[in-house]
Amino acid sequence: MSTTDKILKRVINASMENCRMGRTCIGKQIRKYETTNCHAIVLFYHEASKVDIEQHLLYLKNEFKLVSLSEMVRRSKQNSIDDKEELIAITFDDGHADNYYALYPLCKKYGIPITIFQTSYNIGEPIWTAELKANNINTELYKTYNSKELKKYIQSLRAEKKYDPVEKVRRRLLSKEEIKKMSMCDMIEFEGHTHTHIDLRSLSISEARKEIEINIEVIKELTGQRPNHFCYPFGGYNSAIKSLVKKLGFSSASTVLPGTIGNNTDPYEIRRLNAQFDLKDVITKIRLYQIKSDIIKNFS
Ligand SMILES: [Zn+2]
């Protein structure tokens with residue numbers, strides 16, 4: 001059980017038992033981990049083939065109102081999300097190849113809107129974190145490399161160990177052709193996730209700007225659309241990175257902080273729930289966060 005859930009459990013128990021803990025105190029504890037009093041939620045996945053994605057999508061479609069991330073952000077900015085409205089937006093990070101063969105046919109079949117945050121330097125090849133892991137190398141040490149250093153390092157690794165990256169890692173990101181094909185579908189939005197997938201906090205602002213600008217150009221070239229939403233790699237951001245993303249014209253930026261989406265939520269700190277788990281665990285998580293939202297409303 002995570003710390004957040006332990007605190008939630010304690011708070012729910014405390015409120016149910018009508019203990020001496022004051023209402024304000026309970027409200028404050030929850031607000032620390034939660035931002036809104038609405039039920040709307042953005043989910044995030046990485047690889048569609050790692051879960052029973054059809055089961056997930058069908059359940060979500062039947063139980064909730066599925067909207068695109070654009071629609072969710074627009075509704076939040078327009079202050080038009082009702083407290084109990086069960087909106088869900090589905091996002092996929094990085095743009096893995098299985099988004100093409102395991103997800104794309106289902107999006108079309110069931111008419112489900114999906115946002116893919118596409119990293120761009122290693123299109124058609126494994127994402128560098130997976131390639132390092134396949135070589136038993138700790139990825140943490142390389143998060144602060146810039147695009148040039150990282151490419152150089154990976155090239156030297158491939159030359160030294162003589163392997164085919166896709167064969168070795170057994171997974172890759174979407175190819176150019178797959179992105180082009182998917183982008184023609186109205187249900188799919190390709191959005192920004194930096195060129196190299198580096199923690200932006202470790203770069204200078206001009207390097208960070210370059211990372212984002214190259215990514216914008218690659219996505220624009222492949223899809224014919226300038227990306228309008230952004231997602232911080234590794235969920236890493238600070239106030240300078242937030243301002244940069246805003247300055248570069250994005251309407252929103254997603255994090256990996258859990259929570260629900262409300263009216264006038266900070267669009268550059270979109271909270272999302274990780275859904276790369278068994279469906280029953282995802283449902284529990286969604287319902288827990290909705291309960292938190294109800295508690296906030298009752299105690300604020
Ligand atoms: Zn990512």
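Let's start with a helix pair: α3 passes α5 in a right-handed crossing. Keep in mind that this is a predicted model. On the α3 side, the contact is made by I53, E54, L57, L58 and K61, while α5 brings in A102, L103, L106 and Y110.

Now for the geometry. Helix α3 covers residues 53–63 and helix α5 covers residues 98–110; their axes come within 10 Å and cross at roughly 30°. Angles under 35 degrees count as roughly parallel, and α3 and α5 are therefore roughly parallel to each other.

Next, have a look at α10 and α11, which spans residues 239–247. Their axes sit 11 Å apart and the helices pack at an angle of about 40°, and that makes α10 oblique to α11. The crossing of α10 past α11 is right-handed. Here I205, A208 and R209 of α10 meet A240, I241 and L244 of α11. This contact divides into five nonpolar residues, no polar ones and one charged.

What about the core? The largest nonpolar core has 67 residues, and the members that touch the most others are I41, V42, L43, M72, I88, A253 and I261. Helix α10 (residues 205–223) turns up again, giving the most to this core with six residues.

To finish, zoom in on I261. Leaving aside residues up to four places away in sequence, I261 touches T36, C38, A40, I41, V42, M72, S76, I81, I270 and R271.

Definitions and conventions
Residues numbered from 1 in each chain as written. Predicted model: local features only at pLDDT ≥ 70, side-chain atom pairs only at ≥ 80, totals over all residues. Axes fitted to C-alpha atoms, helices over the stretch in contact; angles between N-to-C directions. Helix = DSSP H or I, 4+ residues; strand = E, 2+ residues; numbered from the N terminus. Parallel < 35°, antiparallel > 145°, perpendicular 65-115°, else oblique. Left-handed = near helix turned anticlockwise from the far one by under 90°. Contact = placed C-beta atoms within 7 Å. Core = buried A, V, L, I, M, F, W, Y, C linked by C-beta atoms within 7 Å. Buried ≥ 20, exposed ≤ 12 C-beta atoms within 10 Å, placed from the backbone. Nonpolar A, V, L, I, M, F, W, Y, C, P; charged D, E, K, R; others polar.
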